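Here is a short briefing on the structure shown below. It covers strand pairing, helix packing and backbone geometry.

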Amino acid sequence: MFAAENGLKGDPRLQAISDAIRVVPHFPKPGIMFQDITTLLLDHKAFKDTVDIFVDRYRDMDISVVAGVEARGFMFGPSIALAIGAKFVPLRKPRKLPGEVIAETYDLEYGSDCLEMHVGAVQPGERVIVIDDLVATGGTLSAAIRLLERVGAQVVECACVIGLREVKGQRRLNGKPLYILVEPREIDGCY
Amino acid sequence: MLQRALIFSSSNPICSQLPTTAPPDNTVFPKRNGGWIIPFSSYQLPAFRLRNYRRTLLPPLCSASDSAANRPNMASQDEQDPRISNISSAIRVIPDFPKPGIIFQDITTLLLDTKAFRDTIDLFVERYRGKDISVVAGIEARGFIFGPPIALAIGAKFVPMRKPNKLPGEVLSEEYSLEYGKDTMEMHVDAVKAGERALIIDDLVATGGTLSAAIRLLERVGVHVVECACVIELPELKGRERLGEKPLFVLVSST
C-alpha cells in the first residue's frame, strides 16, 4: 500500500523524495528504467525524511528486528533500526556472512539467486520488518519473508522506498503487508 | 531458552601464534578439539551480547594522528571511553573465514546489540559533528551499514563506493590490489564536488588497500578526505602506514 493512501496524502515530503530519485534509462539493460536512490542519499533533507517516515510508522509497533536486503537495504535499514530501538539483521548474498547461515533461493528472470541470514540473529516470536530500496516482482522480499518465517519470526510488514507497477494495487506480498513511499517516475512517458 | 553453540577451533597456524585467552567465567562447556564450546545466549531484551573470547585487546586509538609522521595517538587505559569495551565485546570472531588462517571480525553481532550499535554511531558522530564535513563515503557493503546513520546525524550526504557495474550513472573507477589479483571500486562522478570535505567509512581496516582506493577516487575529483574511520583495525597488517599522511580513526584495535 502506498504511503499517500495511508495517512500521508499530500505530504510534501513524499514529492521531494520522489523528485530526489534519479531515473537512469536502459540500466542494467535496454528497456529497464532504473530507479537510482543514490541521488536521494545526496539530498540530506529528503534522505532524513525517508527514514523519519518509516520510523514514525514503526516506532510504536513493538518491532525488535529490522532486516535489510543487501546492499541498498543496508542504506536505509540501520538508521530505522537505531531510531526505533531494534536490532539490524543483514540479509546477504551467498558466502558473505561468516557464521552459520540459513539460505533461501528465489527465481530471477533468468536463473535463480539466494539470500542468507545468520542462524541465531532472529529468535522465534520476534516482530520483524523487512527493508529494501525497491520492490519490483517481489521475489527478493518473498525470499526474505520465507527466511524469517523459517526461524519462527513474525514478519509484520515489508517496507520499500519505491514500488513498481507490478505491485501497485497489491496490498500484500506472501500475505504480508507492503508499505511503499513512492512510485517510479516516468521520463517522457516512456516507462 | 534457545541455545546454540559457537565452536572456535584453535588448530590453525595463525591461532596458535596468538596469546591464549581464558574463557569467560560463565563458560561451563568443556574443551573440544583444542577449542572452547561457548554458549550462545538467546536474545533477551533490551540487549543481546556475545562475548569476544579470542584475545586481549589493545587500548583503542581514540584520536587520529595529525602529524606528518602519522604516529597514532594511543589513548591510555584511563582515557578509554567506557562505551568501547561493550562495542568490542559485541564483535564476534570467526576463525578460518573466508579461508584457513584468516580470523574474521564479524560486526553482525554488534548490530544485534542495540546499545553497542548506537554507541558505535555516537562515537563517530561526536567526533565529526560540526567539522564542516559534507560527504560521508561508505565502502560496499558493510560501510553502507555505518555510513548513512553518521551522515544523517552530521548533516552530510552519503556516497556509496561500490563494486563494478552496480552504480547506474556515469562513474569513476579505481583499481586496487588484493592479496591475489585486483579489484575495482566505483563512485558516481556527480556525487561529490571539488572542495568538499569527506570522511570514508568502513567496518574494518586491514592492509588499507580498499581505503586507499577510496581516497584516490575522491581526491581525483578534488574532494578533501579529512579522515578515514573504521570500527576495527588490524594493526599487524599495517593499514595505517599504507594510508600515509591520511588520518585513520578506529574504535577497536585487534591483534
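**Strands, helices and backbone**

In chain A, strand E7 (residues 127–135) and strand E8 (residues 154–163) pair in the parallel sense over eight bridges. A:Ile131 stands opposite A:Ala159 in E8(A). The model is predicted.

**Sheet in chain A**

- Six strands of chain A form an open sheet with mixed pairing. Their order is E4-E3-E7-E8-E10-E9.
- Strand E4 (87–91) and strand E9 (172–173) of chain A are the edge strands. Each pairs on one side only.

**Hairpin in chain B**

- Strand E8 (residues 171–177) of chain B pairs with E9(B) in the antiparallel sense, over seven bridges.
- B:Val171 has B:His188 in E9(B) as its bridge partner.
- Four residues lie between the strands of the hairpin of E8(B) and E9(B). In this hairpin, B:Gly181 takes a positive phi near 90°.
- Strand E9 (residues 182–188) of chain B is largely enclosed by the rest of the structure, because five of its seven residues are buried.

- Helix H4 (residues 73–84) of chain A packs with helix H5 (residues 143–154) of chain B at an angle of about 60°. Their axes are 8 Å apart. H4(A) is therefore oblique to H5(B).
- The crossing of H4(A) and H5(B) is right-handed.
- From H4(A), the contact takes in A:Phe74, A:Met75, A:Pro78, A:Ser79 and A:Leu82. They meet B:Phe144, B:Ile145, B:Pro148, B:Pro149 and B:Leu152 in H5(B).
- Nine residues of the contact of H4(A) with H5(B) are nonpolar and one is polar; none is charged.

**Cis peptide bonds in chain A**

- Most residues other than glycine have a negative phi, and most peptide bonds are trans.
- A:Phe27 and A:Pro28 are joined by a cis peptide bond, with omega about -5°. A:Pro28 lies in the loop between strand E1 (22–25) and strand E2 (33–36) of chain A.
- A cis peptide bond also joins A:Glu70 and A:Ala71, with omega about -5°. A:Ala71 is in the loop between strand E3 (65–69) and H4 of chain A.

**Positive phi outside glycine**

- A:Arg95 is not a glycine, and its phi is positive, near 70°. A:Arg95 is in the loop between E4 and strand E5 (101–107) of chain A. Its relative accessible area is 69%, so A:Arg95 is exposed.
- B:Asp132 has a positive phi of about 60° and is not a glycine. B:Asp132 lies in the loop between helix H4 (114–128) and strand E6 (135–139) of chain B. With a relative accessible area of 64%, B:Asp132 is exposed.

Definitions and conventions: Residues numbered from 1 in each chain as written. Chains lettered and ligands numbered in written order. Predicted model: local features only at pLDDT ≥ 70, side-chain atom pairs only at ≥ 80, totals over all residues. Heavy atoms only, no water. Axes fitted to C-alpha atoms, helices over the stretch in contact; angles between N-to-C directions. Helix = DSSP H or I, 4+ residues; strand = E, 2+ residues; numbered from the N terminus. Parallel < 35°, antiparallel > 145°, perpendicular 65-115°, else oblique. Left-handed = near helix turned anticlockwise from the far one by under 90°. Contact = heavy atoms within 4.5 Å. Nonpolar A, V, L, I, M, F, W, Y, C, P; charged D, E, K, R; others polar. Pairing = 2+ DSSP bridges. Buried < 20%, exposed > 50% of the residue type's maximum accessible area, 1.4 Å probe, protein only.
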